[in-house]
Structures are given as C-alpha cells and as structure tokens.
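Biologist: I would like to go through the labels put on this model and hear what each one rests on.

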Amino acid sequence: MSDVSRGQWNTRLGFILAAVGSAVGLGNIWRFPYMTAESGGASFVFLYVVLLFIIGIPVMLAEFVIGRSSQLSPVQALAQSSQRNWAPLGFLFVLTGFTILSYYSVIAGWTLQYMMDSLGTVFQDHSSEQYFQAISAGNRAIFFHLIFMGLTTGIVVAGVENGIERAVKVLIPLLVVLLAGLAVWAYRQDGAVEGYTYYLAPDVNKLIKSYSLGPLSVPFLNLEILSDAAGQTFFTLSLGMGAMLTYSSYLSKQEDLFEETLIISAFDTGVALLAGLAIFPIIHAFNLVEKVGESTVGTLFITLPEAFRTMGGWGMFLNFAFFAMLLLAALTSGISLLEVVTSSVIDEYGISRNVAATTSGLAIFLLGVPAALNTAWLSLADKIASNLLLLLGGFMLSVYVGWYMSAPAEELRRGLGWNISSLWLGLIRYVVPPVLFLLLMTGFWGLSQDLLAQALPGAGG
Ligand code: PHE
C-alpha cells in the first residue's frame, strides 16, 4: 500500500491474500518440520494446535483491532492511540523485523540455490546432505542472501501490492497441490508409517516433565516444548511484530475480523500440516533420521531432494518447481517484514520510501552475514527472535489491547458475525498475558542454559 494517501484494500480478498502471503512462507515449510524434528514430534504439533486457538487467534485479532481502529503504521498507532506512551513497542517491532529478516533471507537464499542447482547435475552427483553442508554457510550463502535481500528491497521500493495479490492467488493453490501430491507419494513409500507415528501420535511422557523445586519434584507441562510451540505460532502467523497490524490498517470498518482471522490461520496451519505429512514419512522411508538429527535446521533441505531424485526424469523438474514456489512464498513474507521496518522508519525520520527501504535492506543484509556463515548462529538468532522477541511483542500487545486501549471489544464488534468479543477480551486480558509471560521466562531460561552449555568445557558443539 502506498503511504502517501492511505488507501484501502480494493477488495476483502486483497487483504486476505496479502495476509496469507505474509503468513505462509518458510515458517510453514522450513521451520515447522524443523521445530517438530527438534522438539520431539507429535507433542510439539499437538501443543502448536492448542496454542493456535488460545493464543494465536486472539493475538491476531488484537493486531487487527489496533490496525483497523488506528489506520496507522505500528509506530504511530502505538505512539498516538492512547494516553500512555506505548511507542517502545513500535521499536520492538522494528528490532524484531530486522532480526527475523536478517536470517530469513539467508534461508530464502538456500531456497534459491536449491532451485537453480536443480537445473545442473549436482543433485545427481551428491547427496542432498553433502550439498546442504556445502551451500548453507559460506560465501555462496552470503551471495544468495544478498540476492534475496535485493529482490525484497526492490519490491518494497516499488510498492507492488497488486503483484503480491496476484502472486499469492496462483502460488498458494500450486503449493498446496504440490505438497499434497508429495504427501500422497510419500504415503506409498515403505517405512512411511513410522514417520506418521513420530509426527502425529503425541507421547504423554514428552508432554509432561518433572521440575525440581528444592526437594520436591513437580510434574508439569513440558514448558520447553510449549515455549517452542508458542514461538512457532507467532512466527508462522506473522504475529508479535506488527506485520498483521500494518496490513489491517488498510481495512475498512465493515470487515468481519474474526472471519478473516479464521481463514488466514486455517490456510497457514493447513500448509504447515501438509508439509509435515510430506516430510516425515520421507525422512523415515529414506533412512534420513540420523542425518536430519545432525542438522535439524536442514530438515526440509536434506529430505526433499532425496525424494525427488528417486522420481526419475521429472524429479529434478519437481525439485525446481517446489523450491521456486517456496522462494515466492518466502518473498511475500519477506516483503511484509521489510514493510513494517520501512513504514516505521519513514514515520520516524520522515525520509522517502526509497531511502528508507534501501538503507534498511542494506543494514538487514549486513546483520544477516553471521547467519550466512554459520548455521548454529542462524538457529540461535531464530530462537532469540521467535521465543523471545515475538513472544515479548505478543505479551505487550495483549497487555496494551486488553488493559490500556479504549473500547477494543467495540472495535472488534464492528462487522462481526458471531459475537465472540467478550470471550476474546477475556482471553486477551486474563489468559494470553500470563501464559506468554511464563513462556517468555521459560524461553529466557532455556536460552541462557544453552549458552551456558556451549561455554562450559567439554561442550560437544
Ligand atoms: N510468517 C512468515 C513465515 O511463516 C514469517 C514472518 C514472521 C513474516 C513474522 C512476518 C512476520 O514464513
């Protein structure tokens, strides 16, 4: 959307497509299987779905309520729409956008390499694990990270919203068809069943953990998995950093925000679950458990080319098509990340869109270089961004909307079909903040323990 005269989405579909474009991306297809593999399979999936309903949907509604009522960019909306000064939350959003895009672009760069290299013979000559090790960190990774940041910045400078709408309209159905096809293909491979068990049958022993409080041992929900699942909920739905807020600031007052939220989150979750249905059977059918375990961050990238390779002549074409679509999906998400940063920089410093987007894009590129040199650093940045920054953003957003914003339930009620506004306000006030606070503390503790383990002598990588 151009920032000069504040327009509105031409159609309701336009808004939904842009929001789906932001939500569906690497978060669904790279991060969801990666976190599932890292956090213990089905238990993680189960908690993600639970959190989607009690945290994700209410927080998305909260962002929509702020955006639509203020019709302003996040920084301005928070600085102006209440007596208290909530501007620092706007800065947190910008910081988060910076951080996420810096490594997101590195992964999108891998995607671009996978796409291009399926045109050559490298996938015939090398295992995808060897290939992944070679291209995921180093000069080539930096180079492709630069290309992706250049593309994203170019699009944000040009402001081609119509392009996004059109791209998403074609892209999402194609992506779904391809993933569904892959899932069916995977189903027919020997050994697929173990993959389904790992992916879909939650294990109570993993869900519950004993915490020692002095001499006591208290069983409780496994907070580490829960905090990872919450991080995933925010990441995949583009919540907690103002992206959804920005897009909804162009909405008209008659829209049914709850309906939009349901549509967007259903699409997003559907794509992620489908990606898992393709990937986990393949991991087991192709004996990739160990390789994936060594580099969970590469789960997607190690798994799929192995499967495509066995499909004969069409395999590399499908590899190309798959990574091309993933690249587009990453672009529509990257654009929404850079848009938040850019619109806030414009508001803050009053500079032109060109300058704001280009300097931000360049700074983000530089910030991402360490992640392009070291995948361990990339995972760390991803943990910090999702489990701390996004959750903190979500926590502050819900406190603001629940306790400080004037008449949020009335704003939500405009255009609403089902009257869920009191239920929503109850969740945003009494459930979301304490749960997010607890998970933030868990995330903080978990991260500090990881860093401690790495620093102590005898740490194995
Ligand atoms: N939701 C996007 C994805 O799943 C990533 C994203 C996060 C985009 C936060 C915007 C804001 O790939």
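Modeller: Start with Glu 255, which counts as buried at 14% relative accessibility. Buried means under 20% relative accessible area, exposed over 50%, and partly exposed in between, with a 1.4 Å probe and protein chains only. This is a predicted model, in which local features need pLDDT of at least 70 and side-chain atom pairs count only at pLDDT 80 or more, while totals for chains, interfaces and linings use all residues. Residues are numbered from 1 along each chain as its sequence is written, and side-chain values use heavy atoms, with hydrogens and water left out.

Biologist: What makes the contact of Arg 12 and Glu 255 a salt bridge?

Modeller: The N to O distance is 3.5 Å. A salt bridge is a side-chain nitrogen of Lys or Arg within 4 Å of a carboxyl oxygen of Asp or Glu, so the pair qualifies. Arg 12 lies in helix H1 (residues 12–23) and Glu 255 in the loop between helix H13 (243–248) and H14, so the pair ties together parts 243 residues apart in sequence. Helices (H or I, at least four residues) and strands (E, at least two) are DSSP runs, numbered from the N terminus. Arg 12 itself is partly exposed, at 31%. Arg 12, Glu 255, Glu 259 and Glu 260 are linked in a network of salt bridges.

Biologist: How many salt bridges does the rule give?

Modeller: The count comes to 14. One of them joins Lys 291 to Glu 129, with the closest N and O atoms 3.8 Å apart. Lys 291 is in helix H15 and Glu 129 in helix H7, so this pair ties together parts 162 residues apart in sequence.

Biologist: How do you know that the buried residues of H7 line one face?

Modeller: The buried residues of H7 (residues 128–136) are Ser 128, Glu 129, Tyr 131, Phe 132, Ile 135 and Ser 136. Seen down the axis of H7, they fall within an arc of 160°, so they line one face of the helix. The arc is that of the directions from the helix axis to the C-beta atoms.

Biologist: What makes E1 and E2 a pair?

Modeller: Two strands pair if DSSP finds at least two bridges between them. Here 6 bridges join E1 (residues 208–213) to E2, and the strands run antiparallel. Ser 210, for instance, has Pro 219 in E2 as its bridge partner. The two strands form a hairpin with 2 residues between them, and Gly 214 in the turn has a positive phi of about 60°.

Biologist: Why is strand E2 said to lie largely in the open?

Modeller: Of the 6 residues of E2 (residues 216–221), the number buried is 0, so the strand lies largely in the open.

Biologist: What makes the phi of Asn 287 worth a remark?

Modeller: Most residues other than glycine have a negative phi. Asn 287 has a positive phi, near 50°. Asn 287 is found in the loop between helix H14 (257–285) and helix H15 (289–294). At 65% relative accessible area, Asn 287 is exposed, being over the 50% limit.
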